Amino acid sequence: MKVNLKWQEKLKFESTGETTGHTVAMDANEAAGGDASAPSPMEMVLHGAAGCMAIDMGVILRHHMEKVTKLEIEADGERAETEPKYYKHITMNIIIDGDITAKQAQRAADLSKDKYCSAVHSLVADVDLKVILNGAAL
């Protein structure tokens, strides 16, 4: 999977996914020198984690989704106070309505959180980050 991010102006960037071709905008808040015209990268992390869990739950509950009338996730992240200000705690409040049992919904949420959600697991993964600047490895 690959994305290509390009600077637009000030601290605004657009990132395009090579697989899907979809583009998302990101911007810093005004205190950091941006215009707050788009989600920040850290807000995008929460969007990704919530979206990943919701999609997982939809797949896990695929035989019951016609009975689901509402599936929403409120993701609330608490960040460290000092740099690099990573997420220390994330709460996923899942709101699901329809003709589905609490046991089915709990099972889907647990499987996503504990096994399938690659976005959530990326938050705690031991990732090898290689940085290349203008063709030369740093």
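Trainee: What is the relative accessibility of Lys-113?

Mentor: This is a predicted model, in which local features need pLDDT of at least 70 and side-chain atom pairs count only at pLDDT 80 or more, while totals for chains, interfaces and linings use all residues. Residues are numbered from 1 along each chain as its sequence is written, and side-chain values use heavy atoms, with hydrogens and water left out. A residue is buried under 20% relative accessible area, exposed over 50% and partly exposed in between (1.4 Å probe, protein chains only). Lys-113 counts as partly exposed, because its relative accessibility is 42%.

Trainee: How many salt bridges does a search of the whole structure find?

Mentor: Another joins Asp-35 to Lys-10, with the closest N and O atoms 2.8 Å apart. Glu-83 and Lys-85 also form one, with the closest N and O atoms 3.9 Å apart. The search of the whole structure gives a count of three.

Trainee: How many residues apart in sequence are the parts that the pair Asp-35 and Lys-10 ties together?

Mentor: Asp-35 and Lys-10 form a salt bridge. Asp-35 lies in the loop between β3 (23-26) and α1 (41-60), and Lys-10 in the loop between β1 (3-9) and β2 (12-17). Asp-35 has a relative accessible area of 36% and Lys-10 one of 49%, so both count as partly exposed.

Trainee: Which residue takes a positive phi in the hairpin of β1 and β2?

Mentor: Strands are DSSP runs of E with at least two residues, helices are runs of H or I with at least four, and both are numbered from the N terminus. Two strands pair if DSSP finds at least two bridges between them; β1 and β2 run antiparallel and are joined by six. Glu-9 has Lys-12 in β2 as its bridge partner. The hairpin has two residues between the strands, and the positive phi, near 40 degrees, belongs to Lys-10.

Trainee: Where does the hairpin of β2 and β3 take a positive phi?

Mentor: β2 and β3 run antiparallel, with four bridges joining them. Ser-15 stands opposite Val-24 in β3. There are five residues between the strands of this hairpin, and the positive phi near 80 degrees is at Gly-21.

Trainee: What is the omega of the cis peptide bond that joins Glu-83 and Pro-84?

Mentor: Pro-84 is in the loop between β4 and β5 (87-98). Glu-83 counts as exposed, because its relative accessibility is 64%. For the cis bond between Glu-83 and Pro-84, omega is about 15 degrees.

Trainee: What is the phi of Lys-85?

Mentor: Lys-85 also sits in the loop between β4 and β5. Its relative accessible area is 31%, so Lys-85 is partly exposed. Although Lys-85 is not a glycine, its phi is positive, at about 55 degrees.

Trainee: Is Asn-134 buried or exposed?

Mentor: Asn-134 belongs to the loop between β6 (132-133) and β7 (136-137). Asn-134 is not a glycine, yet its phi is positive, near 50 degrees. With a relative accessible area of 78%, Asn-134 is therefore exposed.

Trainee: Which strand gives the most to the negative patch?

Mentor: A patch takes residues with over 30% relative accessible area and no salt bridge, joining like charges within 9 Å and nonpolar side chains (Val, Leu, Ile, Met, Phe, Trp, Tyr) within 5 Å. Glu-72, Glu-74, Asp-76, Glu-78, Glu-81 and Asp-97 gather in this patch on the surface. Glu-72, for one, is partly exposed, because its relative accessibility is 38%. Four residues of the patch come from the strand that gives the most, residues 68-79, which is β4.

Trainee: In what order do the elements of the protein run from the N terminus on?

Mentor: The protein has three helices and seven strands. Its C-alpha atoms fill a box of roughly 55 × 30 × 30 Å along the principal axes, and 21% of the 138 residues count as buried. From the N terminus on, the order is β-β-β-α-β-β-α-α-β-β.

How values were computed
Areas by Shrake-Rupley, 256 points an atom, 1.4 Å probe, with all protein chains shown as cover. Salt bridge = Lys/Arg side-chain N within 4 Å of Asp/Glu carboxyl O. Lys, Arg positive; Asp, Glu negative; His and termini not counted. Charge placed at Lys NZ, Arg CZ, Asp CG, Glu CD.
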